[in-house]
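Please read it alongside the structure.

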Amino acid sequence: MSGSGQTISDRIQEKLDDLTRAERQLALSILENYPASGLGPLSKLAADAEVSVPTVARMVQKLGFKGYPDFQAELREELHAKVRGPIAKHDTWAEAAPSGHILNRFTEAVIENTRLTLGQIDPVAFDKACALVADQSRHLYVVGGRITHTVAEYLFLHMQVIRPNLTHVESTSNTWPHYLLNAQEGDVFVIFDMRRYENNTLKLAELAHARGAKIILFTDQWRSPVHQLADYSFSCRIVVPSAWDSMATTMLLVETMISAVQDLNWDQTKHRMQELEDLFDQTKLFRKFT
């Protein structure tokens with residue numbers, strides 16, 4: 001990827017407003033099946049997007065590349081990064097590890113991830129997604145994967161206090177048909193899916209989408225295939241000096257969503273919090289010091 005940390009998808013989204021009609025048509029075609037769409041011959045990309053070959057050449061230059069070969073080389077690097085496993089990611093970082101203590105290096109990476117993530121978030125889209133999550137007339141389903149189920153559980157735990165009418169979908173796919181049986185048009189699925197994207201998560205999203213559900217996706221900078229089905233998709237930067245990807249920016253967005261939804265339903269949320277505290281007292285779950 002480029003030294004700025006931007007993906008080609010980021011560049012395209014930044015330039016959308018400056019593109020001609022034909023270039024915008026091409027850009028949307030590339031994003032539809034990104035990054036695989038740009039890995040074939042230039043003529044095929046033009047044909048698939050129903051634009052001319054010169055249109056492809058012009059847009060590639062607008063994105064900052066000398067020509068189509070440079071554009072493809074960057075895409076291949078992104079694709080390689082997308083499928084790296086934990087060991088490969090650690091080795092790649094270690095070869096170019098900056099000096100300084102891990103506390104500083106890791107924190108700097110998270111801060112940069114946060115800056116780049118927030119720079120790509122549409123506040124209007126985020127507000128609309130929060131409004132969907134807050135709408136208690138819609139059943140809310142929260143879905144995570146092998147690693148991201150921990151973030152999904154965190155969101156679900158807070159939503160249990162804020163609102164009724166919700167379900168935490170377990171990460172084992174053999175239980176999904178039972179959840180989908182009750183899903184109705186207009187219900188909301190919040191889905192977490194990061195790189196090495198899970199086939200089961202995509203299948204669940206497809207089935208939910210077919211039933212008319214709304215989908216809110218939290219994914220990484222390369223974007224899960226689920227984004228093609230999502231009503232709102234939020235891409236989080238995840239690369240840090242570790243064998244594991246970071247959930248820090250994802251957690252930031254999740255906690256921001258919790259705060260926004262809490263405020264949208266504050267009167268009821270306050271009442272539910274008070275009732276929950278009474279239940280805690282009755283069960284003596286927590287120690288009292290006064």
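Helix H7 (residues 102–120) holds both glutamate 112 and arginine 115, which lie three residues apart, about one turn of the helix; helices (H or I, at least four residues) and strands (E, at least two) are DSSP runs numbered from the N terminus. The model is predicted: local features need pLDDT of at least 70 and side-chain atom pairs count only at pLDDT 80 or more, while totals for chains, interfaces and linings use all residues. Residues are numbered from 1 along each chain as its sequence is written, and side-chain values use heavy atoms, leaving out hydrogens and water.

**Salt bridges**
- A salt bridge is a side-chain nitrogen of Lys or Arg within 4 Å of a carboxyl oxygen of Asp or Glu, and by this rule the count comes to nine.
- Glutamate 112 and arginine 115 are joined by such a bridge, at 2.6 Å from N to O.
- Glutamate 112 is partly exposed at 31% relative accessibility, where buried means under 20% relative accessible area, exposed over 50% and partly exposed in between (1.4 Å probe, protein chains only).
- In helix H11 (residues 199–210), lysine 203 and glutamate 206 are three residues apart, about one helical turn, and their side chains meet in a salt bridge at 3.3 Å, N to O.
- Lysine 203 has a relative accessible area of 45% and glutamate 206 one of 33%, and each is partly exposed.
- Salt bridges with shared partners link Glu23, Arg58 and Lys62 into one network.
- Aspartate 10 pairs with arginine 237, with the closest N and O atoms 2.2 Å apart.
- Aspartate 10 lies in helix H1 (residues 8–15) and arginine 237 in the loop between E5 and H12, so this pair ties together parts 227 residues apart in sequence.
- Aspartate 10 and arginine 237 are both buried.

**Overall make-up**
- The protein chain has 13 helices and five strands.
- Of its 290 residues, 45% are buried.
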